[in-house]
2 protein chains.
Amino acid sequence: MDREQALKELELLQKKLYAYNAASSSLFLDGVTVAPGDTAEGRGVALGILAGEEQKLMTGTEMGELLDFLSSGMEELTDLQQRQVKELKRHYEEQKRIPAEEYMEYTMLTNEAGDIWHRAKEASDFEMFRPALEKLVDMKRKFAGYYAPEKKPYDALLDRYERGADMEYLDHFFTVLKERLVPLIHAAGEAEQVDDSFLHLHYPAEIQRKFSDYLMEVMGLDRNHCTIGETEHPFTLEFNNKDVRITTNYCEDSLADSMYSVIHEGGHALYELGISDELAYTCLTGGVSMGVHESQSRFYENIIGRSRAFVSAIFPKMQEFFPEQLGNVTAEQMYRAVNKVEPSLIRTEADELTYCLHVLIRYEIEKQLIGGSLEVRDIPQEWNRLYQEYLGVTVPDDRRGCLQDSHWSGGDFGYFPSYALGSAYGAQMLKNMEKDIDVWGTVSKGDLSSVTGWLREKVHQYGSSREPGEIVANACGTFDPTVYTDYLTEKYSEIYGLKK
Amino acid sequence: MDREQALKELELLQKKLYAYNAASSSLFLDGVTVAPGDTAEGRGVALGILAGEEQKLMTGTEMGELLDFLSSGMEELTDLQQRQVKELKRHYEEQKRIPAEEYMEYTMLTNEAGDIWHRAKEASDFEMFRPALEKLVDMKRKFAGYYAPEKKPYDALLDRYERGADMEYLDHFFTVLKERLVPLIHAAGEAEQVDDSFLHLHYPAEIQRKFSDYLMEVMGLDRNHCTIGETEHPFTLEFNNKDVRITTNYCEDSLADSMYSVIHEGGHALYELGISDELAYTCLTGGVSMGVHESQSRFYENIIGRSRAFVSAIFPKMQEFFPEQLGNVTAEQMYRAVNKVEPSLIRTEADELTYCLHVLIRYEIEKQLIGGSLEVRDIPQEWNRLYQEYLGVTVPDDRRGCLQDSHWSGGDFGYFPSYALGSAYGAQMLKNMEKDIDVWGTVSKGDLSSVTGWLREKVHQYGSSREPGEIVANACGTFDPTVYTDYLTEKYSEIYGLKK
């Protein structure tokens, strides 16, 4: 084998990984959109086979030998080629450490657990989910050892969603959040509440659809490369950097829900669409980490989308779409309404300010759970205690408590912190962006092109060709969670008339 | 390797073929329905890779050794296992005879040719398509030798779409058709034309959609296993026998177009959904041949769907959906309108009676083309001459002439005859069905369950587990094209008041 031939093979292997991914994405998308109701079984067979083939490709002799050969002459490769080899090797070695039968057992368990969780949530019955969750926690602890034998188990899991973010990093981060946000939320709760009743009039889905089209236009999402669909839970699905789909869900008695889910998913989409063409069909395309991805979606959703400048810019158009509902509302009232702070039970429906505390609670529970100081059976009690302590809300049942999120049923322990990290990264990106461009001047004209241009340059274009930490540093500088808490303190003190 | 293990492997290999198929189908479906406009490239990369992997699996050492091993002890296998081994072996050997680089060249050529044909059709410029078509004809002639070295080239190609149907079989078939139908069509043309003007009033797509739902209900298509979508050209796509999709296209100035495309595709869907569960995920699932598939779709579309009994049964409901358009129309007028005979230019829009002559023209041209007695450059002239001779219509341009169908651009020479064969099979199925059940008594009540039950028993359940010829014989008896021409003669003589 010579180097040129090896590089060609590496390119082909990565294209194959891309193809398996695209195939699975397509089947998944079909399943949650247009597929007939009773067809999950056949799709499951196909998805299982494809996952197995991908796994075989990723851990096969061909891949192993190729990576060994190329690793032995890294200095001859371009930077991007070196990074491809390193990333694939890391993934290869990690996968190789997992015994095949355990991997299969794990795949089956997460499939089953998803169904069980669904039913347990509907029945609001944690005990129904407990045995599966116990197995998952045990298995995930064991897998943590395969992922990164030298790390503490929870650190090993965290690392998979946000490389470099460990408990030390997150403890510091969340301590700052807790110390600064809990009193702020408390103070806002004492102040006069804002009125958002006009957000809950009747908003016909048909007009909301047109409003979504408008929002995508404002965001600069090219409809030739990004469509919007409707699913129970909104998501973004990327096939490649020229083909991204977002979805939303229309509630006819709430304007803001779908509006902000479109902007949130639109932020994910802009990230994927902004990745450099030279990374296409390689392992270096796609967003680099969950934290960085959430930094983009939550940046557009909250920092831009819930800013006074943005709301004022699009408000005349909102009134055009919904003249009856919003005819007597002012832009300022709308700004305050979409920023209403109200401690609540459900993470995905939480406002910008209380959101991170929902995440903190999950972080604390996961840390204890994987660390071994909390038993699965004690989760509900601990969950309810923390909601009371941090958010002052009483959890009435497990459905609206510790059964609300699907993540654990899929084995995704360590994923939650990325939501909060992303939010904090965004605040620092804003600070740096404001030094370079006239953020609010352009946004107040309804023009997001400079904002997106800045993010494309600092974040999007790189895809996964750099470490998450490098990309964060490039856009944020040194991570400092107080920038985020300062941003929140300033914004919400003003809205709620609090002393800072 | 022991037999049990080998059979397990055979099962897995077939499941993989199913998975590749499902993946490609899903990507294809996405492409023609919801995918953003400018995303074909990335989907093409994935589809190309998947096709390559499927080909590699089908011709790989593993498959070869497995089939050899199992072939050597066929008597120990069940009938279905034997048939799986035989079918896979046939496919394996055929694929192995094609040199890999020629196969790739062919794949690339058909991909390109599809685009070229599209543009040539739009420009109505045969010369634009000619060079690609010449290459395709040359290559297909060569491939015919790989497919079946012992056969004449066109016979080898025909065999791929309808095993057992060769030129001798088809010459006889089409001669009967030509002799009996050309005079009948001529006579109908001399008689007083039926009025179908009410089919071309304004029919809003929104109500047509609801009408389609009703038609699917009448056909007994379970919406939990079969959905309907909208695409430029209607088609049926089967993932497995529990998951089939049909599509249609709504013209607002024509009621019958979409109505009969739904019934036609619904017929294909009923076939796929009726295949026995024991064949699932093996090479024996799926309809057995194009001819048998068309026999089902055209049976529902024409023999049932355009029957007096069916039209009368659904007519009250049609009036309910379209009270303004059909308030003053009678069921008998509707029956005559949907059976209007009018020689025309476009195959896919042709009526039941003239349809087979469109196919005959293509058969005669392909036969000469692959046989070597017609040059590609002479196709337009020959096409136009035959349309004049058989149908009495003057072809004004190539767009509405020899460029109208996509088949040749995809290398599908030998496919067309299945449309006509299927129609003829259907007439014989009707004759036998009438001996067993009260076809028109049940259909006139809007109840198709006995009809579908009969077809399921005689045709659907078998999937590809028997030879096309066996399935046809099982449902039709000995093939006799005069049964079909008699059926047409009787039906249209009555409608047009002709002496028989």
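Let's start with Asp397(A), which is found in the loop between helix H16 (379–391) and helix H17 (417–436) of chain A; helices here are DSSP runs of H or I with at least four residues, strands are E runs of at least two, and both are numbered from the N terminus. This is a predicted model, where local features need pLDDT of at least 70, side-chain atom pairs count only at pLDDT 80 or more, and totals for chains, interfaces and linings use all residues. Residues are numbered from 1 along each chain as its sequence is written, chains are lettered from A and ligands numbered from 1 in the order in which they are written, and side-chain values use heavy atoms, with hydrogens and water left out.

**Around the loop**
- Asp397(A) and Ser124(A) are 273 residues apart along the chain, yet their C-alpha atoms are separated by 6.5 Å.
- The side chain of Asp397(A) also makes a polar contact of 2.7 Å with that of Arg400(A). That term covers a pair of N or O atoms within 3.5 Å; within protein, one must be able to donate a hydrogen and the other to accept it, and residues adjacent in sequence count only if both atoms are side-chain atoms.

**How the two chains relate**

**The interface**
- Contact (heavy atoms within 4.5 Å) links 39 residues of chain A with 39 residues of chain B.
- About 2,700 Å² is buried between chain A and chain B, and carbon and sulfur atoms give 62% of that; buried area is the accessible area (1.4 Å probe) that two parts lose on being put together, summed over both.
- Lys16(A), Pro36(A) and Ile49(A) supply 17% of what chain A buries against chain B, more than any other three residues.
- Across this interface there are 14 residue pairs in polar contact, both at pLDDT 80 or more.
- H1(A) gives the most to the side of chain A that touches chain B, with 12 residues.

**Salt bridges**
- The rule (a side-chain nitrogen of Lys or Arg within 4 Å of a carboxyl oxygen of Asp or Glu) finds six across the interface of chain A and chain B.
- Asp243(B) and Arg43(A) form a salt bridge, with their closest N and O atoms 3.8 Å apart.
- Over all chains the count comes to 80.
- Glu87(B) and Arg90(B) meet in a salt bridge at 3.1 Å, N to O, and both lie in helix H4 (residues 79–97) of chain B, three residues apart, about one turn of the helix.

**Confidence**
- Chain A has a mean pLDDT of 96, and 100% of its residues reach 70 or more; pLDDT is the predictor's confidence in each residue, from 0 to 100.
- The model scores ipTM 0.93 and pTM 0.93.
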